[in-house]
Amino acid sequence: MKTKTATLLLTLCAPLALGACGSDAPEPVETEAVDVPVAADAPEGVSLTGAEVRMPAVSGRPGVAYFTIASETPRTIASVSVLGAERSEIHETNMVDGKMTMAVVDTIDLQPGEPLNFQPGGYHVMLFDMDATIAPGSTADVTISFADGDKASIQAPVTGAGGMDHSAMEGMD
């Protein structure tokens, strides 16, 4: 009886064991989750990362948006908008005669393979008349429009003035 049971089990399990040996299924690869917002709708060859919207230090003053953008082909940034800001302007900060100046920029040409950082002290986007939907701890949609009509959008975390998330301080005296 033991021999018949063993033979029956071998007969039933052998095809399963042999099928597994010849399997072309790839081995699972462990990956690390990275929580970096990137533009899912960016045109091919455009990378938009590291976006952040900062609230103004004084209520009623302009906020600012920062991000990094790169393109594999020449492109021209025509405008940047943020949902919840009535108006936005691309600005560039420069040192002129020993003084910091800031000027509106109409367009920016991206050079292939050269990431452009929108950051304090350089290019940045000034946000005017921000509504209450933009608050520390939330996110805001930042959309870059190119001269050819293409667009790329990214969700940017909203931080308080100076880059701090003040949402945890609500209700504190």
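**Figure 1. Arg 75 has its place in strand E3, which covers residues 75-82.** This is a predicted model, in which local features need pLDDT of at least 70 and side-chain atom pairs count only at pLDDT 80 or more, while totals for chains, interfaces and linings use all residues. Residues are numbered from 1 along each chain as its sequence is written, and side-chain values use heavy atoms, with hydrogens and water left out. Strands (E, at least two residues) and helices (H or I, at least four) are DSSP runs numbered from the N terminus. Is Arg 75 buried or exposed? Arg 75 counts as buried because its relative accessibility is 11%; buried means under 20% relative accessible area, exposed over 50%, and partly exposed in between, with a 1.4 Å probe and protein chains only.

**Figure 2. Here we look at the neighbours of Arg 75.** Leaving aside residues up to four places away in sequence, Arg 75 touches Pro 43, Glu 44, Val 46, Ile 108, Asp 109, Leu 110, Phe 146, Asp 148 and Asp 150. A touch, or contact, means heavy atoms within 4.5 Å. Which side chain makes a polar contact with the side chain of Arg 75? The partner is Asp 150, at 3.1 Å. A polar contact is a pair of N or O atoms within 3.5 Å; within protein, one must be able to donate a hydrogen and the other to accept it, and residues adjacent in sequence count only if both atoms are side-chain atoms. Look at Phe 146 too: the charged end of Arg 75 sits over its ring, 5.0 Å from the ring centre. A charge sits over a ring if NZ of Lys or CZ of Arg is within 6 Å of the ring centre and within 35 degrees of the ring normal. Elsewhere, Arg 87 places its charged end over the ring of Phe 128, at 4.0 Å from the centre.

**Figure 3. Strand E10 (residues 151-159) pairs with strand E9 (residues 139-146) and with strand E1 (residues 46-54).** Two strands pair if DSSP finds at least two bridges between them. E9 and E10 run antiparallel and are joined by 7 bridges; within this pairing, Thr 139 stands opposite Pro 157 of E10. How many residues lie between the strands of the E9 and E10 hairpin? There are 4, and Gly 149 in this hairpin takes a positive phi near 100 degrees. E1 and E10, in turn, run parallel and share 2 bridges. You can find Arg 54 there, with Thr 159 in E10 as its bridge partner.

**Figure 4. Phe 67, Phe 118 and Tyr 123 form one aromatic cluster.** The structure holds 2 aromatic pairs. Rings of Phe, Tyr and Trp (its six-membered ring) pair if their centres lie within 6.5 Å; planes under 30 degrees apart count as stacked, over 60 as edge-to-face and the rest as tilted. Why is the pair of Phe 67 and Phe 118 stacked? Their ring centres are 4.2 Å apart and their planes meet at 20 degrees, so the pair is stacked. Phe 67 belongs to strand E2 (residues 63-71) and Phe 118 to strand E7 (residues 116-118), so the pair ties together parts that are 51 residues apart in sequence. Phe 67 is buried, with a relative accessibility of 1%, and Phe 118 is also buried, at 3%. Phe 118 forms a tilted pair with Tyr 123, with 5.8 Å from centre to centre and 35 degrees between the planes.

**Figure 5. Strand E4 (residues 85-96) is where Asn 94 has its place.** Asn 94 is partly exposed, with a relative accessible area of 33%. Which residues does Asn 94 touch, not counting residues up to four places away in sequence? They are Lys 99, Met 100 and Thr 101. The C-alpha atoms of Asn 94 and Tyr 123 are separated by 9.2 Å, although these residues are 29 residues apart along the chain.

**Figure 6. Strand E4 pairs with strand E5 (residues 99-104) and with strand E8 (residues 123-130).** E4 and E5 run antiparallel, joined by 6 bridges, and Met 95 stands opposite Met 100 of E5. The two strands form a hairpin with 2 residues between them, and Asp 97 in the turn has a positive phi of about 50 degrees. E4 and E8 pair in the antiparallel sense over 7 bridges. Ala 85 has Met 130 in E8 as its bridge partner.
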